Amino acid sequence: MNSFDEFGLAEPISRALADEKYLTPTPIQAQTIPLVLSGRDVVGIAQTGTGKTAAFALPILHHLTTKRLRPERKSCRVLVLSPTRELSGQIGDSFRTYGKHTRPLAVALAIGGVPINRQIRSVAHGVEVLVATPGRLLDLVQQRALRLDQVEILVLDEADRMLDMGFIHDIRKVVAMLPKQRQTLFFSATMPQEIAQLAGQMLNDPAKVSVAPQATTAEKVDQRVILTDRASKPSLLAEVLKTETIDRVLVFTRTKHGADKVVRALEKAGLKSEAIHGNKSQNQRERVLADFRSGRIRTLIATDIAARGIDVDGISHVVNYDLPNIPESYVHRIGRTARAGAAGVAISFCDHEEAPFLRDIERLIRMSIPSTDKRIGGPRPQQRAAGDGDRNQRQDQRPGRPYRGNKQGRGGQSHRGHGAGHSAGHGTGHGGGHGNGHHNGANGGGRTAIASTTPHQQRPAEQKPGELGGVTFLQRKQEPRRNNAQRAPR
Ligand code: AMP
């Protein structure tokens, strides 16, 4: 599919696409739109940034245009479930943008963190599209402000993230209230077994679409690692921010508390930054994001969850102040830069305890990331060849190279979340590649470059494939569920 015209979308939608200057469908759009138009259930593996939102929003708008029905009071025709307020807001905005010539079109949000009364009013007369986080949605239902028995299309976006955030029970409750006769579109960035199972229960003979994880991001982004000590991270960040030529930088921390601490540390170093995370009010978050977009603030500190769904172009740098313990999150993070074909830089701080995370990441992206050693005391004796000498702070440059498996291996044991006993001698892990290359390779020339399919490699012993209707997906290793505090507040 080289043009949106080939889908036969209703004229008001084509006009909105022309307004947006979208010329070519992205690969996920090329695959998904015809399937949704034909009424199929779809399970899609795609991340934010691939054009996934339009992939479901456009055919849904077409359905609403061609099958005109007055929504019943306190109900919605299309329900989109998303894990965070930000993402929900952006999905709502996308529906409004692509549907700006579509009439009638009422789009409402049901998200936590804002007063519920306005939301109760907004659905009172019924809406075409409701975008919701699961907790608030259930609140509306419990208050009898909303019924879900008229839903014609359900979209579940970022299913893996929803599971991570502990929404599984809420999702099941919601699904139980929906009509059996419906179309379901299910999107997830990764397809661990648990997600594949959930999809299997929710979907009816789904068509599968997939664009490769943005392994390409790994190729497009200039990635560097700085080996450091935990205590040195604040000063190291200040140094990086002062020495790099930065337009806009997104700094990732593991926790909300960590994000606030970084803001304070930077302030001491004379650098202005803002944090965005779940503890901030919706208004604060919107203001911070607007300032970041406009360039009023150059440095934004975010947690993974808060950053999910932030759609800001022109991010020249991503700094991983803390390395994520989920390697896919690294790919998400660095995918924030180098968008729309621009070059980007991703700098990751790695302290001793994070060394195993770095190994997981390098294994996922199948390359070793060039590193600089700025640890006080220099490289640890067991990690570097003897004779490294110099015990003072040093810079030990190690060039990046294609990732190769380690003959020694580690017997396939899981090694998350415990640093002790693991050396920082990264780049020598095992070479089980994530062969998640199920895509058709069609690069529609949209904003996302998609990797060419890479051959499957031997999987390490601990990974069992998840099966979904004959398609094998790699299973993400078991992660501890995040606590409730990270859920979108009701
Ligand atoms: P998403 O993956 O839905 O978050 O989309 C990522 C970004 O790509 C958004 O800013 C969209 O506006 C933009 N986008 C989506 N589809 C296209 C397209 N076909 N051509 C150009 N830009 C697009």
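**A tour of the sheets and cores**

Mentor: Start with H3, which lies across strand E1 (42–45), E2, E4, strand E5 (153–156) and strand E6 (183–188). H3 runs at about 170° to E5. Axes here are lines fitted to C-alpha atoms, for helices over the stretch in contact, and angles run from 0 to 180 degrees between N-to-C directions. Keep in mind that this is a predicted model: local features need pLDDT of at least 70, side-chain atom pairs count only at pLDDT 80 or more, and totals for chains, interfaces and linings use all residues. Residues are numbered from 1 along each chain as its sequence is written.

Trainee: How many helices and strands does the protein chain have?

Mentor: The chain has 16 helices and 18 strands. Helices (H or I, at least four residues) and strands (E, at least two) are DSSP runs, numbered from the N terminus.

Trainee: What order do the strands take in the sheet with E1 in it?

Mentor: The order is E3-E4-E2-E5-E6-E1-E7, seven strands in an open sheet with parallel pairing. Two strands pair if DSSP finds at least two bridges between them. E3 and strand E7 (207–210) are the edge strands, each pairing on one side only. Neighbouring strands of this sheet are turned by 15° against each other on average, direction ignored.

Trainee: And what holds paired strands together, in general?

Mentor: Strands of a sheet pair through backbone hydrogen bonds, either parallel or antiparallel.

Trainee: Let's zoom in on E4. How many of its residues are buried?

Mentor: Six of the six residues in strand E4 (residues 127–132) are buried. A residue is buried if 20 or more other C-beta atoms lie within 10 Å of its own, exposed if 12 or fewer, and partly exposed in between; C-beta atoms are placed from the backbone.

Trainee: How many bridges does E4 make with E2?

Mentor: Strand E2 (residues 76–81) and E4 pair over five bridges, in the parallel sense. Val78 stands opposite Val129 in E4.

Trainee: How many bridges join E3 to E4?

Mentor: Four bridges join strand E3 (residues 107–110) to E4, and the two run parallel. Val107 has Val129 as its bridge partner, and Leu109 has Val131.

Trainee: What do E3, helix H5 and E4 make?

Mentor: E3, helix H5 (residues 116–124) and E4 make a right-handed β-α-β unit. Right-handed means that, with the strands pointing away from the viewer, the path from the first strand over the helix to the second runs clockwise.

Trainee: OK, cores. Which residues have the most contacts inside the largest nonpolar core?

Mentor: Leu79, Val129, Leu130 and Phe186, in a core of 68 residues. A nonpolar core is a set of buried Ala, Val, Leu, Ile, Met, Phe, Trp, Tyr and Cys residues joined through C-beta atoms within 7 Å. Helix H3 (residues 52–66) gives the most to this core, with eight residues.

Trainee: What does Phe186 touch?

Mentor: Not counting residues up to four places away in sequence, Phe186 touches Val42, Val43, Leu156, Ala159, Ala199, Met202 and Leu203. Contact means that the C-beta atoms of two residues, placed from the backbone, lie within 7 Å. There is also a second, separate core of 45 residues, which includes Ala259, Leu289, Ala302 and Ile305.

Trainee: What about the other sheet, the one with E10? What is its order?

Mentor: This open sheet runs E10-E11-E9-E12-E13-E8-E15, with seven strands and parallel pairing. Its edge strands are strand E10 (274–276) and strand E15 (371–373), each pairing on one side only. The twist averages 20° from one strand to the next.

Trainee: How do E10 and E11 pair?

Mentor: E10 and strand E11 (residues 299–302) share three bridges in the parallel sense. Glu274 stands opposite Leu300 in E11. Helix H12 (residues 256–268) packs on the sheet, touching strand E9 (249–252), E10 and E11.
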